[in-house]
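Subject: Structure handover

Hello,

Here is the structure we talked about. My notes on it follow below.

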Amino acid sequence: MTFTPSTPAGAAPADTPLAVRSTGSGRGPRRRRSRFHSASRIAILVIVLGYLILPLFAMLEFSTRGDYGSRSLQSYAAILSNPNLIDGIATSLEVAVLTVLGMLLLLVPTMTWTVIRVPRMRRVVEFLCLLPLAIPAIVLVVGIAPMYRWMGQHLGAFGGSPLTLVFVDIILVLPFAYRAIDAGLRAVDVATLADAARSLGAGWPRTILQVIVPNIRGGILAASVLAVALVLGEYTISSLLSFNTLQVVIFLLGRRDAFVSVAVSLAALMFAFVLLIVIARFGAGSRAEQAAEEEPVR
Amino acid sequence: MAGAKAFEPASPDPPVAGPAMRGAGARRSSGFRDYLALVPFHAYVALFLILPTLIVAVGALTTAEGQTTLSNVQTMFTDQVFIDAFMRSLQLALITAIAGAILGGLLTWAVATGDPNGALRTLVVAASGVLAQFGGVMLAFAFLATFGFNALVPNIFKNVLHVNVMTDPSWLYGLTGLAAVYTYFQIPLMLIVFLPALDGLRQEWYDASASLGGSSWSFWRHVGGPILAPSFLGALLLLFTNAFSAYATAAALVSQGAPIITLQISNALTSEIVLGRENVGKALALGMIVVVGLVMTLYALIQRRASRWVR
Amino acid sequence: MTATTAGTATAERAGVAVQFQDLHRWYGKVHALDGLTIDIAPGELVALLGPSGCGKTTALRALGGLDEVDAGRILVDGRDMTHVPANKRGMGIVFQAYSLFPNMTTIDNVGYGLRLRGVGAVDRRKRATEMLELVGLAKQADRYPYQMSGGQQQRVALARALAIEPKVLLLDEPLSALDAKVRRQLREEIRRIQIAVGTTTLFVTHDQEEALALGDRVGVMSAGRLEQIASPTELYDRPRTAFVAEFVGLTNRLRGVADAGAVQILGTRVPLLEGSAGTGPVTALVRPESVKLTPEDGANAHVLAVSFLGSLCRTQVALPDGDLVVAQMAAAEMAGLAPGVAVRVTVAPSPVFAVTG
């Protein structure tokens, strides 16, 4: 279900014909909005944002219900004392970490290599990375189930553990991770950096690890955070392969204890929100510099 | 303006050389060894993406005994259950894509016309990033907490407004509920995909239109609208694919039957009721690939067209 | 050659007079326009020159109605236009980049203003084609902006602006985004067209060569204020403030002692320009062509480097007190000058501007 292109919509341009700046900024022109414009804007914001906020508020209200109509955090406390939930969280986190590592190991050298050495393959790699978008998770799991059966039979303890989810999660993550890392690579002249490093005597592994990677830190971080968010939210494949990841556990719990399941859902949501703010902060530094450079000379 | 110059003012320091050419310089031709480094990636994708897809495609065309057949695919078109499921999935995807595009588009406009550095924009964009990734199960529970049994909205109607409305949450478990929930995650997705397009409208175009005598309406009708149309359409297609492929939400909400195609596929995968029906699930999956593939190809074509203008 | 408008009798007087009267504009705490007052004569091309942030673009946008002013008036052809919305001002604008509507062909772009005015399709196409011929791009009528070079796009933008027969033509650094060679070519073309059509024009740029080559008059701006507005020659020979003296052309900073309207520099008594610091130790701003070098054994200044620039030659000289000076002369006069050669440095008696210190 998750279908988020990772292009940062957040970066606000220096100038758009639509934007109205508050007077205090002291930077650009201030355009007066017509009253119709202002009124419709507010109406839209109230209605649409209201629709979006309502379920979140409902979750908060629902999960903080105590006994006899009081407010309490008991549902949240119950998360910690629920072994299935703890297991689910742990499993998902383990899979998430391994997915991030696997994804980085697979993508960073490959993408860097196509930029520096084999530009002709850039299109191919891009296509392959975006291909998962055209193959719904439900379809993927149908095709991959036989492979997982095989793994369960022939790879012993590992083959049957949830950690094998890493293999398919990396695929799910590819489109978003690709976009994030690609943005990072485009922002820096990787080819010249590599040339410089090589001319000074560095070998390829060193060039990639010590020269390229630090310069695309932002893209790598963004890709990693998106990967974590995706893995934590993944349900389709986990459930149909019968692994007890976080979402599966929440689902099963929902039948029995609605309050705790809503509480943990809200907590997961907040966690993802914090993670995304982290990328925004981290990426904001370089984006602000870029935006400043692109300001037209007045 | 012919004629000799009366004087030539001493020009200032020569202009600084332009930024270093990117990607220029000797790119030694790629040898065999260079391609070798790309093998791990391709092998991985081949194994975990291409192969499963092929398994689905081949399986769809194979009987339980292993013979090639079109019967599975035929079943898709003859069995009323499957036809209905496909239709419902398509309808659901289309309706929620349009609803999401319109509501999300309006929201995007409202955000884009605000302060680019303001709190509203930052928060809404960040929140959209999260909500669009909001796992289907959690979202389903969120709606249950809102409209379900003993949930917020019915309680407000009952206890605060003393009106007996929305006490029966069964609508949530059917197509109406799915539509409501799907629209919920379509809106933030629309914002994320469409906002860059709105931001890409250049100040200069608006000013030029005004200076030539155009009103706000003229600008939108002749310049803004046509420029945004491809992006809007592309976003709509993306939303369609998103809803069509969704599984988790439906799995969490729908308790009886399998009204949409993704649920049909999961049923086929998990139930061993009818021998030989297993490959029908693969046929359904193949059908999904075809639909999504078509839509994504259309999307790619539109994107290419749109980016050509607005370089 | 920057001909004054009075000389070109054949041009149609399509232009109107424009006046900025004591304009003020604030962005937050920044005083973008600080009492700007300019009178532009009908058909005149005034170039506004200044560094980034000096307010020149703000002034142009204010005239075009794209920005508001907080105080002061803008008069066009005698009418107060200060609060008239942009789409009712009848002005043509060319921007630095992204001028053209990307979704329309060249001819549709040029005809846009006419279309808004209700001109029929046939007449529109005719007039647009005329305009395109004026800028030499009639063959590109059915192309899209992305298919054309930057220079071509700017020419189409000019055609589009002129198609509506504007009262005033506003050019906001139209050449700044182009290659050096294209810039020079286009500059001449713009001037030629402007004189032929006779529209009053405001040309904003940060490139002084452009401003001096194009303008009937050039206004130098700094920090929202107009430092000086005069013909290019007057600006160059008789700057009224230190800013203008240093911004326009190259200057050497030479120390001297001033009194009674003149300054003593390197042994020569040079008259001071109006506005200079009057007495005591001053720094005089001397043009390179006013610095004279004579090779002389035993002199205490010596040549550091010689740059051959075709018809000119520039020589860097180190003075005994450590100051550096650049002298400019015709290439023919560079005989005998080479790095290390001892030279005597003197200054020609043309008037200079001086500041205290």
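How much area do chain B and chain A bury between them? About 9,100 Å², and 73% of it is on carbon and sulfur atoms; buried area is the accessible area (1.4 Å probe) that two parts lose on being put together, summed over both.

Before the rest, some ground rules. This is a predicted model, in which local features need pLDDT of at least 70 and side-chain atom pairs count only at pLDDT 80 or more, while totals for chains, interfaces and linings use all residues. Residues are numbered from 1 along each chain as its sequence is written, chains are lettered from A and ligands numbered from 1 in the order in which they are written, and side-chain values use heavy atoms, with hydrogens and water left out.

Chains A and B

In this interface, 102 residues of chain B are in contact with 100 residues of chain A, contact meaning heavy atoms within 4.5 Å. The count of salt bridges between chain B and chain A is 1, where a salt bridge is a side-chain nitrogen of Lys or Arg within 4 Å of a carboxyl oxygen of Asp or Glu. B:Asp34 forms a salt bridge with A:Arg117, with 3.8 Å between the closest N and O atoms.

A:Thr236 is in helix H11 (residues 236-240) of chain A. Helices (H or I, at least four residues) and strands (E, at least two) are DSSP runs, numbered from the N terminus. A:Thr236 has 4% relative accessibility and so counts as buried; buried means under 20% relative accessible area, exposed over 50%, and partly exposed in between (1.4 Å probe, protein chains only). Leaving aside neighbours within four places in sequence, A:Thr236 is in contact with residues of chain A and chain B, namely A:Ala137, A:Ile138, B:Tyr247 and B:Ala248.

Nonpolar cores

A nonpolar core is a set of buried Ala, Val, Leu, Ile, Met, Phe, Trp, Tyr and Cys residues joined through side-chain atoms within 4.5 Å. The largest has 221 residues, and B:Leu107 and C:Leu63 touch the most other members. Helix H8 (residues 175-199) of chain B gives the most to this core, with 16 residues. A separate core of 29 residues includes C:Leu45, C:Leu114, C:Ala161 and C:Phe203.

Chain C

Chain C has 8 helices and 20 strands, and 53% of its 357 residues count as buried. Its C-alpha atoms fill a box of roughly 80 × 45 × 40 Å along the principal axes.

All 5 of the 5 residues of strand S7 (residues 168-172) of chain C are buried, so S7(C) is largely enclosed by the rest of the structure. C:Val168, C:Leu170 and C:Asp172 point one way from S7(C), and C:Leu169 and C:Leu171 point the other way. Two strands pair if DSSP finds at least two bridges between them. Strand S6 (residues 91-94) of chain C runs parallel to S7(C), joined by 4 bridges, and C:Ile93 stands opposite C:Leu170. On strand S8 (residues 200-205) of chain C, also parallel to S7(C), there are 5 bridges, and C:Leu202 is the bridge partner of C:Leu170.

Another group of 5 strands in chain C forms an open antiparallel sheet in the order S15-S19-S16-S17-S18. Strand S15 (291-295) and strand S18 (324-330) are at the edges with a single partner strand each, so one side of each has no neighbour in the sheet. Within this sheet, 2 bridges join strand S16 (residues 301-308) to strand S19 (residues 342-347), and C:His302 has C:Ala342 as its bridge partner in S19(C).

Regards
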